[in-house]
Amino acid sequence: MRVLGVNAVFHDPAVALVVDGRIVAATEEERFSRRKHGKPCVPFSTWELPEEAARWALEYAGVQPDQLDAIAYSYDPDLAPAHDGELHENEYEALRTYFVRRAPSFMASALPGLDVANVRYVPHHIAHAASAYLAGPYRDCAVMVMDGRGEQTSYLAGVVRGGRLEVLRRVALPHSLGLRYEELTMHLGFARSSDEYKVMALASYGTPRWLREIRATMTHDGDGGFVALPLDLAAFVPPRRPDEPFSAAHADLAASVQAALQATMLDLARWLYERTRMDALVLAGGVALNVVANSYLAERGPFAHVWVQPAAGDSGTALGAALYVARELGDAVEPMHSAALGREWSEAEIQAQLDVANVAYTRPPDIAAAVADVIAREGIVAWFQGRSEFGPRALGHRSLLANPRRTETLERVNDVKGREQFRPVAPMTLLEAAPLMFDGPFPSPYMLFVHHVRPGWKERLQAVVHVDGTARVQTVDRNEQPLVAHMLDEVGRLTGAPVVVNTSLNTAGRPMVDSPRDALECFGSAPLDALAIGPFLLRREVVRRSAASLRSA
Ligand SMILES: [Fe+2]
């Protein structure tokens, strides 16, 4: 069966193509359109579909639109709030539902030949859940979905046996952990549905001095769900304008809501464990991108294993919906083995792009060793190798790499990316070396947990240790990422530790680099020392020398 999963309803429009139960491609529209998150999260944009991503995925797999057995759309209009036809009812909820019902014909005009009768609506939280229990490594597990909202709910808890989901609990709007965190994000002067990870970083600078007050409005309901009552954040700290500096009170408010979220999630997990007695818990939904909360759950929760879908936000519902429908149609579905499910270019294609751009480049005998040399000399390297990542994290395919030894490197990386200095960058290391430097659990291939840095290593890894003594580690398995592993080996040989700073290859406010052209634009506009693209190496020295000679002239 050929199933195209589509997420389009709120934000992060994305597609996933599953052929005979195997994930062939998954990517987000923002990587093509170069609009971060694809579109604004408003009902007026619900008609916009991930058209470019869909065209690429079909072409990549050699599938024509009329060969699709199903199109799985990750929102069910029959579950959406009822309305009396008034457009403004429930903040234009009717408009969203209208566009969702029209999606099959919009899709057929974007992909001529596609049969509108093959479009199936998958409930939003079922799609999130499937992205964790079908894409994850466990056939039997408990599952929790936490996000801002689906059709009318914000939470799903269930148990999976033999790959079949039984829903045990849902929580209906307006109660929502995700929306609460989004409100906090906006209150602190950041972009909601986008900058929540900045709030999480800010939280570690604060003390949760308002935890008790916030827990009074945000707590377990005693029956596997939670309440999240309206909360006047201005009663604690006035809203921050985006151009205003941060105060300790902002960090304290972030810390208080973060702590309340963690405590609520732990209560939910304990209830779910009592009901299911499963060893493993899988998570999806935007709240599961909160790596600090995930780690709290993994450390203190009752489950022996916690696995998080790397595209835990709404883009992942494209994958979940496709896997869910493929299974419904009788295919045995395979779990995901890697997040590298996006576009790739051959050496010849990359070289043609470099020649068109008329830039100087070399082809070193060993690109990984050449990059390690730049890193060991405190250079910052753009690393473009293989297929791009599905989901928000760079995992060694579209990454910025640097030496983690000195704090100055963190400052320079944040300057290069144009991001706030309070935000940490993450280390990437070999799976077998990780336990020397960091506390478990390992493997951690998708950077979805934080790890305590082991004694004696904080000084050696200054750039990647956050203010709370943790680091968001990505472990690299030699068999899965041999080129990255080789680069880490070479860094280890030169610096004494096979570990690098790894952050996404983009600058502030832009989607991650996807194509060679994006990589060249990023390299041309940001003060990077080198770009390693396929087997080719571009260096910045030429520009620096000519600038110096201009000054001396
Ligand atoms: Fe969602």
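Student: In helix H2, what separates Arg-55 and Glu-51, counted in helical turns?

Tutor: About one helical turn: they sit 4 residues apart in helix H2 (residues 51-61). Before going on, this is a predicted model, where local features need pLDDT of at least 70, side-chain atom pairs count only at pLDDT 80 or more, and totals for chains, interfaces and linings use all residues. Residues are numbered from 1 along each chain as its sequence is written, and side-chain values use heavy atoms, with hydrogens and water left out. Helices (H or I, at least four residues) and strands (E, at least two) are DSSP runs, numbered from the N terminus.

An α-helix has 3.6 residues a turn, so residues three or four places apart point the same way. The side chains of Arg-55 and Glu-51 meet in a salt bridge at 3.2 Å, N to O (a side-chain nitrogen of Lys or Arg within 4 Å of a carboxyl oxygen of Asp or Glu). Arg-55 is partly exposed at 39% relative accessible area, and Glu-51 is partly exposed at 29%. For the cut-offs, buried is under 20%, exposed is over 50%, and partly exposed lies in between (1.4 Å probe, protein chains only).

That bridge belongs to a set: the structure holds 28 salt bridges. Another one joins Glu-328 and Arg-164, with the closest N and O atoms 3.4 Å apart. Here the pair links distant parts of the chain, since Glu-328 is in helix H10 (residues 316-328) and Arg-164 in strand S8 (residues 164-172), 164 residues apart. Both ends are partly exposed, Glu-328 at 42% and Arg-164 at 46%.

Arg-164 brings us to the sheet. S8 belongs to an open sheet of 5 strands in the order S8-S7-S6-S11-S12, with mixed pairing (two strands pair if DSSP finds at least two bridges between them). S8 and S12 are the edge strands, each with a single partner strand, so one side of each has no neighbour in the sheet. From one strand to the next the twist averages 20° (axes are lines fitted to C-alpha atoms, for helices over the stretch in contact, and angles run from 0 to 180 degrees between N-to-C directions). S8 runs antiparallel to strand S7 (residues 153-161), and 8 bridges join them; Ala-157, for one, has Arg-169 in S8 as its bridge partner. Helix H8 lies across strand S6 (141-146), S7, S8 and S11, at about 150° to S6 (contact is heavy atoms within 4.5 Å).

The one-turn spacing turns up again at the metal. His-124 and His-128 are 4 residues apart in helix H4 (residues 124-133), so about one helical turn separates them, and both are buried. Through NE2 they coordinate the iron ion, along with Asp-147 (OD) and Asp-314 (OD), at 2.1 to 2.3 Å. Donors are N, O and S atoms within 2.8 Å of the metal (3.2 Å for Na, K and Ca), and with water not among the atoms, sites may look incomplete. The 4 donor atoms subtend angles of 88 to 171°, so the arrangement is irregular: four donors are tetrahedral if all angles lie between 85 and 135 degrees, four are square planar and six octahedral if opposite donors are over 155 degrees apart and all others between 65 and 115, and anything else is irregular.
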